[in-house]
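This report covers a ligand site and the parts of the protein around it. Start with the view below.

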Amino acid sequence: MRLILLGPPGAGKGTQAQRLVEAHGIIQLSTGDMLRAAVRAGTSVGHKVKDIMASGALCPDELVVAAVSDRIDQPDARNGFILDGFPRTVPQAEALDGMLAEKSLTLDAVIELRVDEAILLQRIETRIADMKARGEVVRADDNPEALKTRLAAYRAQTAPLIDYYAQRQVLRTVDGMAPIPDVTRAIDAVLGGRKAAVGG
Ligand code: AMP
């Protein structure tokens, strides 16, 4: 099964992706996690994206597309994957279409987690406070200024993907404001009890 989770920062994409991983035996492919790992490791990609990420802006398409293309060629992606945070622009979505076609793969669904933007900031602030309380390291872009940039980037560059995938009839929208287990159930319902395809 190959899925995309679409939604603004704080919509719960990461949380739901983890639940889908457990339920369907597929991998979560978070471009944000991949890029943060590159920054931590000090790779050339990491150097290029460090400041962009801290500002809350989006990293260059070609760089992210190349990373995803490599990643989905790995053996552990064979049973399927959940793209969390990718694609984030129309050119990325077009590049994904191209790479999937080239690999003879198809998308099962694009799940939009629809949330009330007015409460997103509050939700993220709660998440940051919880992380601090647990003594965890807070992300460089989890601050009010970068958050505004992240939300603006979502509105301007990522929200157009809702139409992009609606036109291709793969978009499924669930209410991301519901309690976490209800969102999980709603996602299961739109997936129609689908199980991971074995072998390819
Ligand atoms: P995330 O963890 O998904 O919130 O991503 C954190 C940051 O990584 C974003 O604000 C961007 O700077 C960068 N990033 C992650 N995914 C992408 C992507 N698909 N395209 C461009 N930049 C990305």
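R139 places a polar side-chain atom 3.1 Å from an oxygen atom of the ligand. The protein covers 95% of the 480 Å² of accessible area that the ligand has on its own. Note that this is a predicted model.

R36 also reaches the ligand with its side chain. One of its side-chain N or O atoms is 2.9 Å from a ligand oxygen atom. A57 uses its backbone instead: a backbone N or O atom of A57 lies 2.6 Å from an oxygen atom of the ligand.

## The shell and the pocket

How many residues surround the ligand? The count is 17. The closest are T31, R36, A57, G85 and Q92.

Which helix gives the largest share of the shell? Helix α2, residues 31-41, supplies 4 residues. The ligand takes up the space of the largest pocket.

## S30, in strand β2

S30 belongs to strand β2, which spans residues 27-30. Is S30 buried or exposed? S30 has a relative accessible area of 8%, so it is buried, the cut-off being under 20%.

Leaving out residues up to four places away in sequence, S30 touches R36 and D84. R36 is also one of the closest residues to the ligand, and its side chain has an N or O atom 2.9 Å from a ligand oxygen atom.

## F81, in strand β3

F81 lies in strand β3, residues 81-84. Its relative accessible area is 1%, so F81 is buried under the 20% cut-off.

Which residues touch F81, apart from those up to four places away in sequence? They are M1, R2, L3, I26, I27, I72 and L100. M1 is 80 residues from F81 along the chain, yet the C-alpha atoms of F81 and M1 are separated by 6.6 Å.

## The buried side of helix α4

Helix α4 covers residues 61-71. Its buried residues are L63, V64, V65, V68 and S69.

What covers these buried residues? The cover includes strands β2 and β3. It also includes helices α2, α3 (44-55) and α5 (90-102). Strand β2 holds S30, and strand β3 holds F81. Helix α2 gives the ligand shell its largest share, 4 residues.

Note on methods: Residues are numbered from 1 along each chain as its sequence is written. This is a predicted model: local features need pLDDT of at least 70, side-chain atom pairs count only at pLDDT 80 or more; totals for chains, interfaces and linings use all residues. Side-chain values use heavy atoms; hydrogens and water are left out. Helices (H or I, at least four residues) and strands (E, at least two) are DSSP runs, numbered from the N terminus. Buried means under 20% relative accessible area, exposed over 50%, partly exposed in between (1.4 Å probe, protein chains only). Contact means heavy atoms within 4.5 Å. A residue is near a molecule or strand if one of its heavy atoms lies within 4 Å of it. A polar contact is a pair of N or O atoms within 3.5 Å; within protein, one must be able to donate a hydrogen and the other to accept it, and residues adjacent in sequence count only if both atoms are side-chain atoms. Accessible areas come from the Shrake-Rupley method with a 1.4 Å probe; for residues, only the protein chains shown count as cover. On a 1 Å grid over the protein atoms alone, a cavity is a set of points where a 1.4 Å probe fits but cannot get out, and a pocket is an open set with protein on both sides within 12 Å along at least five of seven lines; lining residues have an atom within 4 Å of a point. A molecule sits in a cavity or pocket if more than half of its atoms lie within 2 Å of its grid points.
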